[in-house]
Number of protein chains: 4
Amino acid sequence: MQLGMVGLGRMGGNMADRLRAAGHNVVGYDRDPAVSNVASLAELTANLEPPRAIWIMVPAGVTDATIDELTPLLGEGDIVIDGGNSRFSDDAPRAQRLAGLGIGYVDVGVSGGIWGRENGYALMVGGAEEHVERLMPIFETLKPEGEFGFVHAGPVGAGHYAKMVHNGIEYGLMHAYAEGYELLLKSEQVTNVPQVIKSWREGTVIRSWLLDLLDRALDQDPGLEGVAAYAEDTGEGRWTVEEAIKHAVPMNVIAASLFARFASREDEAPSLKAIAALRQQFGGHAVKTD
Amino acid sequence: MQLGMVGLGRMGGNMADRLRAAGHNVVGYDRDPAVSNVASLAELTANLEPPRAIWIMVPAGVTDATIDELTPLLGEGDIVIDGGNSRFSDDAPRAQRLAGLGIGYVDVGVSGGIWGRENGYALMVGGAEEHVERLMPIFETLKPEGEFGFVHAGPVGAGHYAKMVHNGIEYGLMHAYAEGYELLLKSEQVTNVPQVIKSWREGTVIRSWLLDLLDRALDQDPGLEGVAAYAEDTGEGRWTVEEAIKHAVPMNVIAASLFARFASREDEAPSLKAIAALRQQFGGHAVKTD
Amino acid sequence: MQLGMVGLGRMGGNMADRLRAAGHNVVGYDRDPAVSNVASLAELTANLEPPRAIWIMVPAGVTDATIDELTPLLGEGDIVIDGGNSRFSDDAPRAQRLAGLGIGYVDVGVSGGIWGRENGYALMVGGAEEHVERLMPIFETLKPEGEFGFVHAGPVGAGHYAKMVHNGIEYGLMHAYAEGYELLLKSEQVTNVPQVIKSWREGTVIRSWLLDLLDRALDQDPGLEGVAAYAEDTGEGRWTVEEAIKHAVPMNVIAASLFARFASREDEAPSLKAIAALRQQFGGHAVKTD
Amino acid sequence: MQLGMVGLGRMGGNMADRLRAAGHNVVGYDRDPAVSNVASLAELTANLEPPRAIWIMVPAGVTDATIDELTPLLGEGDIVIDGGNSRFSDDAPRAQRLAGLGIGYVDVGVSGGIWGRENGYALMVGGAEEHVERLMPIFETLKPEGEFGFVHAGPVGAGHYAKMVHNGIEYGLMHAYAEGYELLLKSEQVTNVPQVIKSWREGTVIRSWLLDLLDRALDQDPGLEGVAAYAEDTGEGRWTVEEAIKHAVPMNVIAASLFARFASREDEAPSLKAIAALRQQFGGHAVKTD
């Protein structure tokens, strides 16, 4: 089917490629004329036959501005899809604004990263039944080939919500492996840590795609010497813990994973300065001064 | 090759079956005459040609007693293999005692649970090169068919150590999924939680065998109504955190997973009684009295 | 000086008493005519000479409604004080609305609970210098007698912010004692746990008012048998962790304290059901079914 | 009464001073002849009238060696007191060895640090009733003047156990303050963080001696610029968490405090390297390379 794609970066560009390879007619727009098929959003919408479907794949910070710019160019029956990393709570207000103009809105949480073009993208979709149904040809092509990898998770917002929780879980999983990895290294009971991790890829309870990737990273750099102990975090981990707080869900594991990333970016943590200062105060313990 | 197997329970029995199906000659002994091939350990050793290899697969609590009973029946050049869930720190003393008699000792961490008979068992092996080499025909049959699932992790103790860390990681992974699952249920943003979890099995960053099993459990019982919120723990999770403490490894995630299991088994936690009592003391907050 | 007090519950009523005992002229209003000095907010403001100072001490959920009802009755130069448990982020919008009418706004975080009437209330104040100065006679009376217990913490919102962090710390402190208390009970190495806790009240590094209260609680009920292991939480603990997430502050201790309260109120935690179900799936471990 | 004191460092020396100031006859021995009253342990015991009481106040690592050296010089009816930071599990074996020679053993957990000489030392005592009673004159002098600060916590080992839990709680308390302090600094909602902390010293729920010391540290160095974010830990924090694991006590708060100290001493944490490497693998996220 025909699809407008706004944003042709690493994710949007690969998704457009995968769709075209399957015979879909994708008209792509990007700020960067070098990768864009059309010169403007106006030209994009002019090149799509109503009722249009336009997939927005831009950084979460500019999604609303993009939708605002796009809206006057759309008409009744069109559908806007947000496949970016928006906070789920942004979806309902957007859907409501667009519904007032007869325009549909569907949110899609997309997983798969740089591997999605080949393996397919896992899709978590939120929206009205009728809108989701119209987009199924697109979803069928983007998703992986097996029986899993797609879910209509609920009404508008449910797609981003499911993706947010997915990412929260991802934080916890990664950190569980990371802690085990560090213990293996420090205890020195095991003589070849990368080999142990590689062996875990089959037959164990903890086999997973993340473990495959950890093995791959260690194949490329056995001591991870080219990687600093510094981890960014994106919104989803934070939002997951915020939602846990809102719904009174004990979430020590995912929260600890998030906090460990925060700590990895601190140079001179005030909390630990306070601990050291207190130890000096009551016990006369020496402090490091640098 | 020929192998003596001591302990023919769920694990030992299945492993013996897998070995026999591949043509190995396994003589099994179990306390329970209904499943045992021989009447005693003496008969077991008498039925094996020296140099013997004897795999012990009994509950960790009786491993040492079993080895003590077995030792006088063994001779120089024999090898004892402990495939049970011993604490790694028990391995070196055993190996030393046996080495004094010219008997070898190999420790094997075995993963795979009830699925191992069909899929193969992941094996993490600790011991001397010569002993491990002699046992390779057994290991080759027990391990999964792919290129992973076996590692000679280091000297005596390294096998159980690797398995211990494997299980510690397992605690963290399981709890990450569990926290995400609980948030999905409580937030009610997603209308069909089991469907979302099923969809994650392909294309996502968090796909894994444990996720497959969670989906399987939800297929069998969508609300997990037949399962109480009560989780046992076995030694490995505790030992992993103890080792983290010993080696100064920050391990919030795995420790929190362990503590959550402890808490699940508490009826009236004194700590929370203390919190409630304190709130009443300073704020006059009402307490629940039951 | 003259002060209007809106809300004469446990906190507001005691504060009015403390102020009157020091010679201030307090006119109090409460919905409950039995404790109110005047029949309405209109009568309250009519009984105060401009420029008025009106202290609002109502549940956080009705603070905005109370201010809205009060505003038309006020005039330029008046000051509204919110001494309740508002989220700090509500303060700036209120201050702005009132400033448009020439009315000042001051937020005060109040600590001291049921003990404040006698011992004084610790006050953390946010607002403009000129407003805070005008209210100093009130603050001087409410605060404890010593040199501490009062701070002008910063501009509008800073008072509630400081109080929020105070309460977050309180969660962590309480839980540290609670964990130690539980370990003493369960390990049974110490034969008289309440006596040990009592002894800690002097000379130790961990002596504190909360410890005094724990001792008091144990004096009244040595086994805390009349108190259920069930702990409520109020907004401040949650907001503290939300702020930590916003500002990338690692906050494992306070977050864990909050999560433990959440867990104390769960009957059948879905997360632990998931753990038990997973153990059954991979290991054939029995589950409790009830 | 007469007391032998072995070890005249910061703790032992101050305690000897406090005892002498109250009229006790203390004979002190230290390896350092500059501070020792006698030239050897033999001279020490020779200078004490049987039945002797000898208080050992040496680093935990040399306590057993000291006792071994001392034992042949002692006789039936003598009492050895260990006031150092021994692991509680060392006490029972020592007591048993000494009991075979008719020598008593008492373990004392001592809190108070460098402030103890003036304020008194909190004492947590383990041992037999008759031995504790004989030592009461010493304990009465060492303890603070008020009604608290001394407890006979139970049989041999109970003193060190109570002190161990005390220190575990101390870790949690310190970290709760530290987290709140860091949030205040980073959020910048409060304009003068040290003033806020100072104000908390009276009237608040969180007032404590540790808070007094934090204020003191900030008075001396308002930005804690002379203190590195680097915190040592001593055995007690680790032992407390080990005991929690043994007795299945959920201990997220104290464990997190301990782990934060571990992390403060890591330069390039392998766990965070693994997280960064994984993010690069699945998402193509850039890593810091240094």
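Predicted model: local features only at pLDDT ≥ 70, side-chain atom pairs only at ≥ 80, totals over all residues.
**Interface of chain C and chain A**

- The contact draws on 21 residues from chain C and 21 residues from chain A, and the two chains bury about 1700 Å² between them, with 73% of that area on carbon and sulfur atoms.
- On the side of chain C, the residues that lose the most area to chain A are C:Ile245, C:Pro250 and C:Phe259, which together account for 39% of what that side buries.
- Helix 11 (235-246) and helix 12 (252-264) of chain C are the elements that give two or more residues to the side touching chain A, and helix 12 of chain C supplies the largest share, 7 residues.
- Sorted by class, the side of chain C that touches chain A has 15 nonpolar, 1 polar and 5 charged residues.

**Symmetry of the pair**

- Chain C is superposed on chain A by a rotation of 180 degrees with 0.0 Å of shift along its axis, at an RMSD of 0.0 Å, and the two copies are therefore related as by a two-fold rotation axis.
- The C-alpha of C:Glu242 is the one in chain C nearest the axis, 3.2 Å from it, and the same surface serves both copies, as 100% of the contact residues of chain C recur in chain A.

**A buried threonine**

- A:Thr240, found in helix 10 (residues 235-246) of chain A, is buried with a relative accessible area of 0%, and the residues touching A:Thr240 include A:Met164, A:Ile254 and, from another chain, B:Leu183.

**Salt bridges within chains**

- A:Arg94 forms a salt bridge with A:Asp64, the closest N and O atoms being 2.9 Å apart; A:Arg94 lies in helix 4 and A:Asp64 in helix 3 of chain A, so the pair ties together parts that are 30 residues apart in sequence.
- A:Arg94 counts as buried at 1% relative accessibility, whereas A:Asp64 is partly exposed at 29%.
- B:Arg52 and B:Asp78 meet through their side chains in a salt bridge of 2.6 Å, N to O, and both residues are buried.
- In chain D, the side chains of D:Lys186 and D:Glu182 meet at 3.2 Å, N to O, and these residues, 4 apart in helix 7 (residues 158-187), are separated by about one helical turn.

Methods
Residues numbered from 1 in each chain as written. Chains lettered and ligands numbered in written order. Heavy atoms only, no water. Contact = heavy atoms within 4.5 Å. Buried area = accessible area lost by both parts, 1.4 Å probe. Nonpolar A, V, L, I, M, F, W, Y, C, P; charged D, E, K, R; others polar. Least-squares fit on C-alpha atoms with pLDDT ≥ 70 in both. Buried < 20%, exposed > 50% of the residue type's maximum accessible area, 1.4 Å probe, protein only. Salt bridge = Lys/Arg side-chain N within 4 Å of Asp/Glu carboxyl O. Lists of a residue's contacts leave out its neighbours within four places in sequence.
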